[in-house]
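Student: Could you take a close look at the salt bridges here and walk me through them? I'd like the cut-offs along the way.

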Amino acid sequence: MTPHPTRRRRHPGFVAACLAITLGAAACSSSSDDATAPATPTSPSTTSTGAPSPAPDPCALLTPAQIEAGTGWTVGQGVADDDAPDTAGSVCNWEDASAEDGVHLQFHEGDAATVFDERRRSLTGRGGAREPVDVEVDGTTDAFQVVAEGLLAMVVDDDYVQLSVIGGANEDDHLQLGADVARALR
């Protein structure tokens with residue numbers, strides 16, 4: 001069987017980091033009181049003709065050029081994570097050539113305030129650089145970061161976006177990429 005041409009073998013460290021981020025978001029998006037209940041679908045936004053507008057493709061929210069400008073890494077096209085749990089939303093990953101560094105983006109359409117608040121609560125109380133800190137990101141109505149994890153959570157209109165820069169990026173890298181994502185959504 002020939003491997004898929006756009007899929008590469010992922011470095012175990014990058015895979016583990018993406019899995020931890022995805023599962024962390026999935027765990028905080030279901031309440032402990034009703035964890036077995038199916039997720040309530042949100043009302044889709046509509047176009048001017050009244051037809052539902054399609055949810056954005058998270059892999060189209062950032063380009064490899066934007067990631068290189070923000071981090072200095074050369075990455076390939078984003079690859080959708082079709083194995084992510086439904087509660088993680090739509091997920092896309094970009095990796096550098098070493099497959100050790102990368103960008104992980106989760107997109108939840110609608111009900112942003114609830115997902116944002118649940119995520120913040122799940123990360124609060126860990127102390128120091130692992131504590132959520134409010135930040136300003138152009139194009140968002142609310143945002144926080146967890147510096148030690150390169151994690152940025154944002155509310156853009158009524159959508160929740162979580163961006164994680166995995167690897168050697170500095171604090172401002174994910175803030176610039178977050179502004180790029182918010183701009184793409186507007």
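Tutor: The protein chain has 4 helices and 7 strands, where helices (H or I, at least four residues) and strands (E, at least two) are DSSP runs, numbered from the N terminus. Along the sequence they come in the order α-α-β-β-β-α-β-β-β-β-α. Keep in mind that this is a predicted model: local features need pLDDT of at least 70 and side-chain atom pairs count only at pLDDT 80 or more, while totals for chains, interfaces and linings use all residues. Residues are numbered from 1 along each chain as its sequence is written, and side-chain values use heavy atoms, with hydrogens and water left out.

Now the pairs. Side chains of opposite charge can pair when their charged atoms come close. Here, a salt bridge is a side-chain nitrogen of Lys or Arg within 4 Å of a carboxyl oxygen of Asp or Glu, and by that rule the count is 5.

One of them joins Asp134 to Arg120, with 2.8 Å between the closest N and O atoms. That pair links distant parts of the chain: Asp134 sits in strand β4 (residues 133-134) and Arg120 in helix α3 (residues 112-123), 14 residues apart. Asp134 counts as exposed because its relative accessibility is 53%; the labels are buried for under 20% relative accessible area, exposed for over 50%, and partly exposed in between (1.4 Å probe, protein chains only).

Next, Glu149 meets Arg130 in a salt bridge at 3.7 Å, N to O. Glu149 lies in the loop between β5 (142-146) and β6 (151-156), and Arg130 in the loop between α3 and β4, so this pair ties together parts that are 19 residues apart in sequence. With 28% relative accessibility, Glu149 is partly exposed, and so is Arg130, at 42%. These two also belong to a network of salt bridges that links Arg126, Arg130 and Glu149.

Then there's Asp157 with Arg186, whose closest N and O atoms are 3.3 Å apart. Again distant parts of the chain are linked: Asp157 is in the loop between β6 and β7 (159-166), Arg186 in the segment after α4 (171-185), and 29 residues separate them. Asp157 is partly exposed at 46% relative accessibility, whereas Arg186, at 55%, counts as exposed.
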